[in-house]
Amino acid sequence: MNVDAWNISIRNLNGGYGGRVVLEDLTAELPAGAITTLLGESGCGKTTLLRLLLGLNTPLSGQIFIGGHDICRMPPAQFHKMRRRFGVLFQDGALISSLTLEEDVALPLMEHTRLPRKVLQEAAQRTLELVGLERFANFYPGELSGGMRKRAGLARAIVTEPPVLFCDEPTSGLDPITAAQMDQLLLDMHACYPQMTTLVVTHDLGSMARIAEHVLVLHAGKTAFSGTKEELSQTRDPYLLRFLDRQFEESRRMAAPPLNNAVRSALEEWLND
Amino acid sequence: MNEIRTPIFQLLNRLGDMTLFLAEGFRQIPYSRRLAGKVVQQVYVIGAKSMFVILLIGLFTGLVLGLQAFYAMSMFGAQGMLGSLLALTLIREMAPVLTAVMITARAGSAMTAEIGVMRISDQIDALEVMDIHPIGYLVSPRLLAALITFPLLTSIFTVIGIFGGYLSACVLLSLNEGRYFSGIESSVTLHDIQGCFLKAAVFAVLVILVCCYQGYNAHLRKDGKGAEAVGNATTSAVVMSCVLILMADYVLTSFLL
């Protein structure tokens, strides 16, 4: 596959599940070799967009160009070949539960090459070192914390040195220190592989501020903003200002406790039992 | 009319989907990398780990059959035929069916749960984006391993069942050993053994198909989502496998006799 620059271009994309449209006429440009963060409220279509980019779901209409190739109109076999160039960090790592970390990280190499086991082990070990998990090579995913699973997922995603890296919420559910470590890891990775086009789906504004070069904000399935971090900081768009200031709709405020007297007295009875 | 037509179409649709799933499982065998290691691992999971339960069930089936047959045949003075009856019952019916049912309960349910959890926790999507065919990775090795282990475990079940029958009839009820074993030798033919292996192989394919299919499609279930879907998929896999084993047994027996 002949690709000079792995930029991602999304044009008039509509996507959803069943009859429900989640993404509506979405258009955006993700520059090659940059870290782009994809921001948005829960349910705005971030994960749907990621699944469409990965070919796990089919768009209702529109086009997605990756490296200049329209993946929506590409024959499946050709798209599968292209997808070999993608590294993906899923939300909870999605590590194969029956494999040790070393086997998991070496899995793409093990399945697609004829390299001897020793070489695979070394490659896995070196990649685990990069994410600080070399001491846990023989652990199973169930024996690790959430942050460790994410880091191991990242190690597996980059073991093939892909030119495109997708990360789904790499810092969600992590404490501030581990989240900052994860951000630093992504920055270090970018320093090691400057040509790598990285898309990071996140809710975390702090994380966006630390790692993003380019920002894409979705609102109700549409592009609310697409540009650099500096451009975003100068925006006057009321929705973006609210989003960045973490303001919520007044109508969502709790005017009164949600339980009525009947429920409360039943609870009282149970608590005093 | 629609109330009748819709479930029939749904059933046909499901059967078609399962057939394609099975065909893909076999089609992926030549493309699956490092297949031997995965098959050996599955032989251990399906075969070695089910060995104890097969030995136990085989022994007690033989013991009970020997006991029942001895008293039933005593009424006609035909105790000498006990060996034949017991061996033919085990080889033709009991061993392949009970082995398949026990493996379904022991390994099939675990298989469905494992694949179901992999499905709901994005592990199967992760395989797909790594360009690893999920069916080739998860189903093909299990199919091959089942085709090896089912006939082997069925043979073990038969041998231990005949030994159980020997214990109850000859050791406990004093039937002549020579009559017991010569009855087996004179009545069991190669055709019976071939039929037994054929049944074991067919049941192997059915059990793996149903258990893997249910786990693989756990996320599409309408009767629950997440962990509940995996639980329901496991229940469906065990029930459907057992029903299909008995149905296939009837069809195969009617052709083999």
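Student: Let's start with B:S174. Is it buried or exposed?
Tutor: B:S174 is exposed, because 10 other C-beta atoms lie within 10 Å. The cut-offs are 20 or more other C-beta atoms within 10 Å of a residue's own for buried, 12 or fewer for exposed, and partly exposed in between, with C-beta atoms placed from the backbone. This is a predicted model, where local features need pLDDT of at least 70 and side-chain atom pairs count only at pLDDT 80 or more, while totals for chains, interfaces and linings use all residues. Residues are numbered from 1 along each chain as its sequence is written, and chains are lettered from A and ligands numbered from 1 in the order in which they are written.

Student: Where is the place of B:S174?
Tutor: In chain B, B:S174 is in the loop between helix 7 (140–172) and helix 8 (177–187). Helices (H or I, at least four residues) and strands (E, at least two) are DSSP runs, numbered from the N terminus.

Student: And what is the phi of B:S174 near?
Tutor: Phi there is near 60°, a positive value in a residue other than glycine. Most residues other than glycine have a negative phi.

Student: OK, on to helix 8 of chain B. Which residues are buried?
Tutor: B:Y180, B:G183 and B:I184 are the buried residues of helix 8 of chain B. Seen down the axis of helix 8 of chain B, they fall within an arc of 95°, so they line one face of the helix. That arc is taken over the directions from the helix axis to the C-beta atoms.

Student: What do those buried residues pack against?
Tutor: The buried residues of helix 8 pack against helix 4 and helix 7 of chain B. Contact is when the C-beta atoms of two residues, placed from the backbone, lie within 7 Å. On the other side of helix 8 of chain B, B:G178, B:E185 and B:S186 are exposed.

Student: Switching to chain A: what about A:A220?
Tutor: A:A220 is in the loop between strand 9 (214–219) and strand 10 (222–228) of chain A. Phi of A:A220 is near 50°, again a positive value in a residue other than glycine. A:A220 counts as partly exposed because it has 14 C-beta neighbours inside 10 Å.

Student: How many residues does each chain put into the contact between A and B?
Tutor: Chain B gives 14 residues and chain A gives 17 residues. On the side of chain B that touches chain A, helix 5 of chain B gives the most, with five residues.
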